[in-house]
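Open the model in your viewer and keep the selection panel at hand. The tour goes from one selection to the next.

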Amino acid sequence: MTPSQPSTPPIITLTTDFGRQDGYVGAMQGVILNICPTATIVHLSHSIPPQDINAAAFILYQIFQYYPAHTVHCVVVDPGVGSKRRAVAVRTDHGTFVGPDNGVFSLALRAEGVNVLEAVTLTNPDYQLSGVSATFHGRDIFAPAAAFLARGTEPDRLGPAAINLVQIDHLRLPEPGQPVEAAHIIHVDHFGNLILNITELHLDRKDNPRFTIAGQTIPRLSRTFADVAAGELLAYVGSSHGHLEIAVRNGSAARRLGVKAGARVTVSRG
Amino acid sequence: MTPSQPSTPPIITLTTDFGRQDGYVGAMQGVILNICPTATIVHLSHSIPPQDINAAAFILYQIFQYYPAHTVHCVVVDPGVGSKRRAVAVRTDHGTFVGPDNGVFSLALRAEGVNVLEAVTLTNPDYQLSGVSATFHGRDIFAPAAAFLARGTEPDRLGPAAINLVQIDHLRLPEPGQPVEAAHIIHVDHFGNLILNITELHLDRKDNPRFTIAGQTIPRLSRTFADVAAGELLAYVGSSHGHLEIAVRNGSAARRLGVKAGARVTVSRG
Amino acid sequence: MTPSQPSTPPIITLTTDFGRQDGYVGAMQGVILNICPTATIVHLSHSIPPQDINAAAFILYQIFQYYPAHTVHCVVVDPGVGSKRRAVAVRTDHGTFVGPDNGVFSLALRAEGVNVLEAVTLTNPDYQLSGVSATFHGRDIFAPAAAFLARGTEPDRLGPAAINLVQIDHLRLPEPGQPVEAAHIIHVDHFGNLILNITELHLDRKDNPRFTIAGQTIPRLSRTFADVAAGELLAYVGSSHGHLEIAVRNGSAARRLGVKAGARVTVSRG
């Protein structure tokens, strides 16, 4: 399927820390619809905590594999706007990523099976709004770039090749197959579920793994919420790339344990 | 109108308690657009209080009648995910409902003029994501089912007939035409307006109905906000199926009275 | 470009104070899709503070210029619903505005380069839902009007000409070219940035303007966030129509200074 067929409209996803009470996201959508009127615009999240590149990186990693390869994912969490940080577009075999070069694509670009085909720096003013502002590149640079790419413009029209994209080291996962003794929380979701930086590839159920966090021990790896009583803590293989999660059935593990992203989890066995 | 005409794209509405700061809703949309690329996806609400089946049931009841009959309404408020609760699709002459069989469709299915045409259990793996997770049926079962139904797949392809759908008893309304002496709040909206479980069919304006709640009496049934001064309490026939509502003009009745869903209202007359 | 070409679907933007946890916005979307099935519906914001006409006016002003001229902007922030306030549609060369006649279009209609072509009062019941409620004109009057206009219905079919539209005086900007000595905050955004009622046309960088607010003086006009250290206050020409803004780099100026919309800013020079 290609975007030029009538049955497969172009898709652009938006992820920002702009919130929805201002006009920032609305301005980006107007720019996109002017350039690519048939685009299906999908709002992944505009509730990223302000300037939280890690949170945006995780959400993108959670969802990009469910989208067609012709999707353009535009992420604007950009504490360095107005500085010398680069604006980039990265085309892969699992979608094209547009945003600031600050590591926000770290997790998605390293995910299993993703191959980078082309990366460019967004410097060509012909594909930007005239009179680019110093503070709102989401509207002036990233939205037009995403819209042109979604309607089929070749990436190399937008600027020269970009090499050495910024990577965030602590978003790197342990090598698969190596048994781990410690993990940390990389994301706390809306329900207060804690998503860890390790996956089912780092554990063996036959080893009877146990998890200790904030002084509490979870004595086993469960299969689903229904395996424990309401109000109880559990650990299970979650729905995102097989990452381990810690939750409270019908409750909030983050509130119960008083923890947030970065908190350490000890893994023991037997 | 049928979804196959170019001028009437398929419509899928989404109602969840997932919030918008995570990637859960974004993953569902990707799955939908892969299966049904021309779908118009409408977000009814993702701010349902976690696991609040009643609130989701009410919102669906508020809106389904305004949508074309070919609309698929997908609701994922699912405290029983991973247990034996069924996943269902219910086709009616006022839209098709997809979600967990936990009573979330109680109000819509009992609404005036709605006829159930077909109900199925979503068990056929050909219409699910491969490798269904134990915790995220929204993405793995409900989103694909909604997308296949929206593009015209017959419900009976998705699984065997479902009988005895779960109904939530306290969401049942009093029999119309019977004068009522008590009511309760079934929903508190964003403005703090209180929506009651009785409609204009349970009251007669000529009886001069009065309403007492949290020790305060509202001495009459008004027509609109402009009938009282700013800051005053009023009761009126609201905009949802003729349900009675209690509000404060330019204020919040929920905050003024300190009440929430379930609170009792006494109705007296004369 | 006209909406009748397949490649330019009709666009309707929605701005309300309804929030997203109820069914109000969902009902409006159903009404729109029934009348104009191919509409691209854009949610500008549903988080306008309840009844805050100024905030809605500002967001519309921030974004309308980025949308194609065939866009219909529907705004429902309507404390006067049920009173005698008019419901109007205003066609301009920069989009059509639909909503209550309460001044919510004040800023957009006065913006540089905008010409009003036609204004009507929405009184024709043929273009309303049957049985208009007294409290929810968003669904019953404004959504159908927006949908009919988006699919090409001429405004004069919807009702007679409307003259003397309500204007909000304190949303008027100072005359350009006149040096100002005082300004005030017209909007506080999601990041806590303060947007002032003056633009770059009211200042001359060569005069070395300084800004005093809440007892703190900002000694210069910066170009971008990167011009100051993290945590420092700055003033700069923002991204909306060249308005001046006051911010804290990687922080919230609203929280730092304890100010909100309406607060005064003194401008001195030299």
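Start with the boundary between chain A and chain C: across this interface the rule finds zero salt bridges (a salt bridge is a side-chain nitrogen of Lys or Arg within 4 Å of a carboxyl oxygen of Asp or Glu). This is a predicted model, in which local features need pLDDT of at least 70 and side-chain atom pairs count only at pLDDT 80 or more, while totals for chains, interfaces and linings use all residues. Residues are numbered from 1 along each chain as its sequence is written, chains are lettered from A in the order in which they are written, and side-chain values use heavy atoms, with hydrogens and water left out.

Stay at the interface of chain A and chain C and look for polar contacts: 13 residue pairs are found, both residues at pLDDT 80 or more. A polar contact is a pair of N or O atoms within 3.5 Å; within protein, one must be able to donate a hydrogen and the other to accept it, and residues adjacent in sequence count only if both atoms are side-chain atoms.

Next, select helix H1 (residues 24-35) of chain A, which gives eight residues, the largest share of the side of chain A that touches chain C. Helices here are DSSP runs of H or I, at least four residues, numbered from the N terminus.

Now select the whole contact (heavy atoms within 4.5 Å): 29 residues come from chain A and 32 residues from chain C. In chain A, pick Gln21(A), Tyr24(A) and Thr135(A), which lose the most area to chain C, together 20% of what that side buries. Buried area is the accessible area (1.4 Å probe) that two parts lose on being put together, summed over both.

How values were computed. Helices (H or I, at least four residues) and strands (E, at least two) are DSSP runs, numbered from the N terminus.
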